Amino acid sequence: MSSNQARVKNRAPAPIQISAEQILREAAERQEQHILDPIVKIHDAEEYQSHLRDRRKHFEDNIRYRREHIGNWVKYARFEEENREFERARSVFERALEVDVRNPELWLRYAELEMRNEFINRARNVLDRAVQLLPRVDFLWYKYVYMEEMVGDVPKCRAVFDRWMDWMPDDNAWMSYARFEGRCGHWDQAKEIMKRYANTYPSSKSFMRFAKWAEFEAKDIDLARTIYESALVELEPEESRQAKVFGRFAAFEERHGEYERARVIYKHATKLLHLGRQEIQPTGEEEEVSKWEREKRNELYKAYIAFEKKRGDKAGIEDIVITGQRAEYEKRVNADPQDYDAWFEYAKMEEENGLEGADSANKVREVYERAIANIPPSMEEKQLWKRYIYLWIYYALYEELQRHDLDRASKIYDACIDLIPHSKFSFSKIWINAAKLHIRRKDLVSARKLLGKAIGMCGKEKIFTEYIALELALGEVDRCRALYTNYLKAMPHNCRSWSKYADLEKSVGETERCRAIFELAVSQPALDMPEMLWKNYIDFEIEEGERENVRALFERLLQKTGHVKVWISFAQFEGTEVGKGVATAREIFQRADNEMKEAGLKEERVLLLDAWRVFEKDKGDAVSLAKVDAMLPRRVKRKRMRMDDNGAELGWEEYFDYHFPDDSSSNAGNLKILEMAAKWKQAQQAQEDSSSSSEDESGDES
């Protein structure tokens, strides 16, 4: 076997098992005994000196072994201090300083040695040497001024602070100096120190600490307010436009009951910092705003909302909500300028929540102007313009209904009409609204000119109908006739326009003109709703009492179309008081039945017979009703092969067919065979049931 090949380990259990308890017990038994240092008992001065020599030799050996280790020096000096050998302790520190003179911890221990033993002048000398050598180490200065304050030497402490301030230390050093002067009762000097601090470090942090000190420690509210105001005015924009500055200023005013001042600060911050925006991509001046600053601004906006809920009125709370909504809409329209729904909602919000005055109107107009400036990208597709065009309409309605500026609304409509590419498409709504606005302005001439221009450039049905309705309301019948003439020239297939034209002539008593219009209409080669036109024509003749004309119209209509409803209407007309009577109506029903029988229209024939039966119930007697009932068909279920468009078979399907009593004998014979087959099948089923029952009885007897 190769030596590189893995060997199989012996996985069998060991003959002697060792428990965890046994391992711990053996470890405790084999642990070495801790050797304690012997207790030295000194009986006289000679033994004491001997002990000192031994300890000093030990420390010296440690120092020689690790000269750079400051702990050895400190322990050595501490030993000499405990034995009241202060000169030796000082000597140890001096030797240590020769090794590492720039170690601030060593200087601190040296000074603490002198201070513990009340050698004040020596401690001053040590700390003075230390701060001269290491002026940027703050805790040495702190120790120095602390010592001077503890001994009550205020002038020297102030002198040390002044020396320290010349090195421009951090914020805490200045605060310590001011608090020292405050503890001494020299508040004017403390304020001067804080002013020096703010001038030395002109930042939002220094001003905020100055204001906080003035409010809580100096108890000078006016000074604190002045500091906050100076921070907003004197600092650079990147320092003054911070959320924490406005937040602390507003909180300061709120703490002291100046709620109106706090509200003004919040509103100023809302406008300046665009508060209320959520996750907006930075643009322009906002590119340098950090994520942390954005979070602070969100917190400031929440504080504003909480302030208004607690201290404000309904108008203030609504103003906050509107500000947030406005920021959200700005986000949407900036992301997609062609999002016209967002523009609608934005403008509506400004209209509903704006106050009366020029500022509110300017805001709404600004939104509308920005919205209509976003023209759809394509001049070919009308679909893109359908939503856009309503921006102009809403803009004009706002100027007319809310601002009552009809001239400005008219100019808006004119600008919209000039913008639309009428050679490609147009919008009748714009033309009509603009014309109605001219009417409300009592400028009828301009309205007629505009509608005439609309007919030439747009030519839609709605423009004709609105123009005609206008002239009709003014009583200008001749103008209406001229408009209908142009209308029907443009759209001769429109049955509704023919009917309304005829109704106009009928309303003014021009019966012959009305009849001529109907005749001209039914003679058109193509109509969109001919049944409506014929019905109106027939109803007109019935109202006029021209029975022969009605019969002639029915006959002409039956020549064009043999629809079952025309036959039913014709028969019902003859059955009325205006017609010839019930007998003539029955003849018409019979004619219709014969023609449909010849054409093989079974379903239409069923509808006709049902209508005939209802007619007989109303106008006839039992004999005539029985005659019609005898003509009613029987519904039969049949099967047929379904075929697709290519002629392929899709399978059998069931359908209902109608069998009339007067159908041919072959069909009757087929039905007779089917009836006989059904009876035979029923007889066979009955016979099988009887045989099975007899077999059951015989089995029971056995």
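This is a predicted model: local features need pLDDT of at least 70, side-chain atom pairs count only at pLDDT 80 or more; totals for chains, interfaces and linings use all residues.
Helices here are DSSP runs of H or I with at least four residues, numbered from the N terminus. Axes are lines fitted to C-alpha atoms over the stretch in contact, and angles run from 0 to 180 degrees between N-to-C directions.

Which residues do the touching? Contact means heavy atoms within 4.5 Å. From α18 come Tyr-340, Asp-341, Trp-343, Phe-344 and Glu-351, and among their partners in α20 are Arg-387, Tyr-388 and Leu-391. By class, this contact of α18 with α20 has 8 nonpolar, 1 polar and 3 charged residues. Here Ala, Val, Leu, Ile, Met, Phe, Trp, Tyr, Cys and Pro count as nonpolar, Asp, Glu, Lys and Arg as charged, and the others, Gly among them, as polar.

Now turn to another pair. Helix α3 (residues 70-82) packs with helix α5 (residues 104-116) at about 10°, their axes being 11 Å apart. That makes α3 roughly parallel to α5. Ile-70, Val-74, Arg-78 and Glu-81 of α3 make the contact with Leu-106, Arg-109, Leu-113 and Arg-116 of α5. These residues divide into 4 nonpolar, no polar and 4 charged.

Next, look for the second largest pocket, which is lined by 20 residues; Glu-531, Trp-534, Lys-535, Leu-557 and Val-566 lie nearest its centre. A pocket, on a 1 Å grid over the protein atoms alone, is an open set of points where a 1.4 Å probe fits, with protein on both sides within 12 Å along at least five of seven lines, and lining residues have an atom within 4 Å of a point. Helix α28 (530-544), α29 (547-560) and α30 (564-574) each supply at least two lining residues, and α28 gives the largest share, 7 residues.

How confident is the predictor? The pLDDT, its confidence in each residue from 0 to 100, has a mean of 85 for the protein, and 92% of residues reach 70 or more.

Residues are numbered from 1 along each chain as its sequence is written. Local features need pLDDT of at least 70, side-chain atom pairs count only at pLDDT 80 or more, and totals for chains, interfaces and linings use all residues, while side-chain values use heavy atoms, leaving out hydrogens and water.

Conventions:
Angles under 35 degrees count as roughly parallel, over 145 as roughly antiparallel, 65 to 115 as roughly perpendicular and the rest as oblique. pLDDT is the predictor's confidence in each residue, from 0 to 100.
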